[in-house]
Amino acid sequence: MKKLSATILFFFLCVAACFAEPLTLDSCFRLAKQNNADILTSQLEIDKAREVKAQVFTRFFPQISAGAFAYHALNPLVQIGINDIQSVDARRILQALYDLVSESTDIPADISIMRHGLLLNGVAVQPIFAGGRIVNANKLASLGVEAAKLQAQVSERDVLENIESTYFLVLGLQDKVATVESTLSLLDSLTRTVNVAFSAGLVTQTDALQVELKKNEIRATELQLRNAISLASQLLCIQLGIDYPEGGLVLSEEEVTNLSPEQSQYRQSLSRPEYQLLTLQVQAEQLRKRITIGAALPQIMLGGAYYWGNPVKTDYNHNGLLFATATVPLSQWWETSHKIREHNIAIRQYEIQRDNLIKQMTLEQQQAFNQMIEAAALLTSDSSALRMAKENYRLATVNYKAGINTLNEVLQANTLLLQAQNAITDRRISYLNAKRRYNDLTSR
């Protein structure tokens with residue numbers, strides 16, 4: 001029973017593997033958003049920007065610090081006695097007084113202080129006015145979060161475009177393999193025709209050899225295509241962040257709808273992340289300029305301090321105080337004026353880049369639209385060429401059987417048919433790439 005159960009389980013696993021759902025382009029995009037290293041890294045950049053924003057926000061609150069100081073010296077740091085007095089008369093008078101009272105009191109001849117001590121303190125400082133630097137720094141941090149989100153969109157778009165190209169590359173190679181297999185099937189049929197004619201003495205051995213050489217050439221092409229599919233599929237798995245399956249990837253064919261200039265309308269979008277990033281750069285530089293100006297303005301802070309202990313002796317006590325500080329920079333305006341000019345120049349640079357980007361985006365979108373329309377027109381034209389190539393090969397084969405055409409003419413017609421089929425594959429992939437590219441440029 002155990003062997004039977006294992007056999008049944010293995011059978012169902014094989015069936016499930018055979019009927020596994022193929023990967024569509026959208027499912028590849030979903031996998032990439034979950035596993036791709038570049039996309040995950042860009043998402044972490046957003047988290048970093050949020051942490052920076054949280055750090056800057058703490059500057060609105062009081063800055064609190066605490067400290068402790070303790071020491072113990074082998075010998076007192078300050079020690080003075082009667083013999084340390086330089087005046088001889090004063091020394092004699094003090095010595096006489098000490099001799100009179102020393103027997104009835106415990107006053108030492110030498111005074112020692114600062115042998116050990118302890119001091120604990122806490123300080124809180126609240127900025128009242130800092131020239132707008134705290135407010136503008138928080139606005140700048142918020143722009144940093146927005147910029148990180150936009151940069152993540154750019155990274156995601158680039159990754160998905162690369163995945164799209166690799167996906168269509170694999171599809172195109174698979175279509176070419178199918179074309180090669182179809183060509184080999186046609187050549188097998190032609191081989192049987194040649195063998196029958198050779199048996200009847202109508203053709204020579206050379207014709208059979210030519211067909212076999214052509215088949216060997218096609219088999220070599222098939223091997224190259226399969227190796228290319230394996231490498232491209234492994235690259236796609238790396239981009240998706242998944243392991244390469246043993247049986248290889250199974251991709252779903254993308255539907256192609258012919259698009260002609262009459263069926264489509266040009267649309268334009270200037271809300272791409274690159275444009276928004278340059279707009280944020282202008283705003284960020286304006287905030288940096290305000291922060292620079294704020295550094296040259298007066299600053300006012302309120303604070304409080306509390307301490308407990310005594311750094312001189314062990315008679316510990318406590319105390320507290322409130323304080324206010326006002327700082328007025330006087331010599332920084334000269335330097336600040338040049339910094340402001342530097343910021344103005346940077347703002348102008350970003351504005352020029354932003355205006356130039358608008359022109360580039362318009363041209364790029366128009367070019368993508370033209371390429372999509374051209375690819376659709378060429379796809380329609382190559383479809384007609386494929387029908388002609390199929391008919392040409394059919395007539396060449398019929399005429400060869402009737403003894404009108406030579407075998408070379410049949411093989412040449414077969415080569416033209418293969419080229420037409422591969423051209424259709426290339427045009428189809430080009431159209432899909434152009435369509436996706438145009439949608440990417442105008443969908444945001």
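## Aromatic cluster

F61 is partly exposed, with a relative accessible area of 44% (buried means under 20%, exposed over 50% and partly exposed in between, with a 1.4 Å probe and protein chains only). This is a predicted model, in which local features need pLDDT of at least 70 and side-chain atom pairs count only at pLDDT 80 or more, while totals for chains, interfaces and linings use all residues. Residues are numbered from 1 along each chain as its sequence is written, and side-chain values use heavy atoms, without hydrogens and water.

The structure holds five aromatic pairs (rings of Phe, Tyr and Trp, the last by its six-membered ring, with centres within 6.5 Å; planes under 30 degrees apart are stacked, over 60 edge-to-face and the rest tilted). The pair of F57 and F60 is edge-to-face, because the ring centres lie 5.7 Å apart and the planes stand at 65 degrees. F57 and F61, with centres 5.5 Å apart and planes at 70 degrees, also form an edge-to-face pair, and ring pairs link F57, F60 and F61 into a cluster.

## Salt bridges

There are 21 salt bridges in the structure (a side-chain nitrogen of Lys or Arg within 4 Å of a carboxyl oxygen of Asp or Glu). One of them joins R157 and E274 at 2.4 Å, N to O, and this pair links distant parts of the chain, since R157 lies in helix α5 (residues 133-199) and E274 in helix α7 (residues 273-295), 117 residues apart (helices, H or I of at least four residues, and strands, E of at least two, are DSSP runs numbered from the N terminus). R157 counts as buried at 11% relative accessibility.
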